[in-house]
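My entries follow the display.

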Amino acid sequence: MERKEVAFRIYRYNPQVDRQPFYDNFKIAVERGITILRALNYIKEHLEPRLTFRAFCQAGICGSCAVRINGVSKLACTTQVWDELTGSGDDPILVEPLNNLPVIRDLVVDIDPVMEKLKQNYSWVRPAIAEGEMGQKEHCVSDGEFEAINAATDCILCGSCYSECSMTEVNPRYISPPVLLKAFRMNNDTRDTLGCERLGQVSGDNGLWDCAHCYKCAEHCVKHIPIVDGIHRLREEMFERHMTRSEGARHAQAFFDDIRSTGRLREATLPLRTLGVVKTLRMVPLAAKMGMKGRTPPFVVKPVPGIDRVRGIYRRLEANRAAKQGGE
Amino acid sequence: MKYAYFLSCINESMTKEVDLSLTRWVKDLGIELVNLEKGTCCGGSNLDYVSPDHFLVINGRNIALAEKMGLDLVTSCSTCLMTLRRAKQALDSSPEKRELVNGHLAGEGLRYNGTSDVKHLLWVLTEDYGLNRLAAKVTAPLWGVRFAPFYGCHILRPSSLLGRDNPTAPSSLDRLVEALGGSLVEYGSKNKCCGFHTLLVAEQQSLSMTGNALEDAVRAGADYIVTPCPLCHTALDAYQDKALDGRGVSRNIPVLHLSQMVGLALGYSKEELGIDRHMIAA
């Protein structure tokens with residue numbers, strides 16, 4: 001069995017005692033095949049009993065041992081030490097608490113902000129079955145119906161996506177990826193009746209349209225859930241339900257309209273169409289400065305050659321959509 | 001080496017210097033870019049919210065135009081790259097979606113078959129052309145210039161769609177800098193989000209993202225940031241003063257497009273490469 005000395009650099013912080021966080025270094029002999037969690041357990045048992053971290057199932061199911069390993073949010077119990085060796089294998093493995101959440105102690109974070117957001121955004125099924133008939137009547141979900149939400153139901157609320165989210169990092173009030181994923185999952189559950197209401201709730205201030213689609217949440221999801229696809233699907237649902245008055249929806253609509261009209265995005269009027277007059281006026285000083293450098297987008301955009309073909313595609317797609325809606 | 005070149009909306013308007021600088025030097029490398037004149041806006045990762053079918057047909061058409069030319073499609077914009085590749089992945093994995101798209105393209109004599117790849121200019125240089133060949137063409141090496149490579153999101157993530165660089169430790173742009181003689185600074189923001197896509201709907205939060213990246217690069221001691229994406233460039237350059245406002249950062253930092261950095265190393269002047277058009281003087 002391959003075995004080597006591995007250095008760990010671990011974030012330490014007890015807010016009740018420490019003025020500021022610091023890092024502790026440990027070097028332990030590790031066999032190939034050992035996980036980060038087992039290494040943490042070894043350090044706690046043999047070297048530093050005060051080291052504090054959460055862990056339970058040790059099988060990638062409960063989600064409680066999520067930490068940042070070499071800067072990336074992962075489950076300690078499913079991450080191999082050998083996979084985290086960098087440089088010539090002698091660089092210390094950096095272990096830190098999840099980002100974007102308050103540290104309670106060392107590697108343990110307070111996940112209450114996530115839970116609060118889940119509560120605020122109807123992250124549960126409100127079934128069609130009346131209260132009095134609960135437990136007496138069955139509402140079956142077919143395999144096909146379940147398939148649409150299958151991946152999303154794998155979420156174990158480990159908080160890795162929350163930790164990685166670019167928008168949550170700069171705005172703690174942002175709704176966050178796991179809450180949007182839950183909204184997608186509930187809105188596409190055939191037993192649920194709360195679609196419109198939930199969508200209205202999640203698309204408010206600091207909500208659905210503030211996702212910067214940086215894809216960090218999906219990239220680092222420990223269950224490989226395509227979280228951004230779920231967020232996209234919620235945005236599509238906004239249009240399907242004609243909930244299109246928000247700035248984010250108007251922004252998307254502008255892209256749709258411009259491709260039909262010229263084939264190119266008309267950037268000069270994009271702020272006006274997204275934000276309205278008042279907010280756009282605030283952008284005038286920057287626009288003027290950009291104009292001095294020749295960076296102002298043109299107000300008149302020449303249509304691309306063959307725009308008639310594009311408009312024809314739009315006409316046919318719109319006709320198909322109208323026929324489909326008429327048939328429903 | 002010949003490619004169809006996707007004309008990105010922002011490079012036709014706010015960041016014209018991308019195509020201006022590219023045009024200067026591609027011929028020096030023997031690379032021919034044929035503009036996809038009939039191509040349209042990709043929808044900037046917004047079109048599909050309004051109508052997923054429009055997203056597929058419009059981008060299927062963009063790629064089919066390149067297929068008709070028998071060429072791979074190259075873009076200088078990371079969001080166009082990601083959006084076009086999303087459409088390609090959807091079409092390549094679904095005969096039903098291909099049928100839908102081809103039904104709408106037949107009248108124009110187009111057909112989506114999936115034969116053209118969609119690539120970023122960075123990948124053309126690092127993979128198709130090769131950095132050793134490029135290094136041999138350098139006439140004005142960027143010795144002593146410290147670059148902070150800023151990859152941004154849509155050339156890295158989702159990696160299942162883009163798949164060239166490790167999204168947590170990307171290296172392609174770093175290797176390009178080194179091939180041109182430049183040196184690198186290490187900083188934590190190289191694969192983070194610039195905030196561009198929410199600049200209108202969540203300006204303050206987006207500017208925080210932009211400011212974090214800028215501050216990080218300045219504190220790392222970079223002379224320039226270099227980016228493969230004109231959207232990142234716009235956030236980092238045009239919005240730089242706003243993003244750094246109140247942060248106590250000692251200086252501004254000029255931001256180069258990838259195409260300008262290559263142009264400098266191939267001996268073109270800042271004016272020839274449109275670097276004088278930037279908001280932050282270089």
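**Backbone and helix packing**

I began with burial in chain A, bearing in mind that this is a predicted model: S176(A) is buried, with a relative accessible area of 0%. I then looked up its backbone and noted a positive phi of about 85 degrees, although S176(A) is not a glycine. In the chain, S176(A) sits in the loop between α5 (166–170) and α6 (177–187) of chain A.

Next I turned to H213(A), where phi is near 35 degrees, again a positive value in a residue other than glycine. I placed H213(A) in the loop between α7 (195–202) and α8 (216–219) of chain A. H213(A) counts as buried because its relative accessibility is 3%, and the cut-off for buried is under 20%.

I noted why such entries deserve a line: most residues other than glycine have a negative phi, and most peptide bonds are trans. In chain B I found a cis peptide bond from R157(B) to P158(B), with omega near -5 degrees. P158(B) belongs to the loop between β5 (146–149) and α7 (159–162) of chain B.

My last entry concerns helix α1 (residues 17–25) and helix α12 (residues 258–265) of chain B, which pack at an angle of about 35 degrees with their axes 8 Å apart. I recorded the crossing of α1(B) and α12(B) as left-handed.

Definitions and conventions
Residues numbered from 1 in each chain as written. Chains lettered and ligands numbered in written order. Predicted model: local features only at pLDDT ≥ 70, side-chain atom pairs only at ≥ 80, totals over all residues. Heavy atoms only, no water. Helix = DSSP H or I, 4+ residues; strand = E, 2+ residues; numbered from the N terminus. Buried < 20%, exposed > 50% of the residue type's maximum accessible area, 1.4 Å probe, protein only. Axes fitted to C-alpha atoms, helices over the stretch in contact; angles between N-to-C directions. Left-handed = near helix turned anticlockwise from the far one by under 90°.
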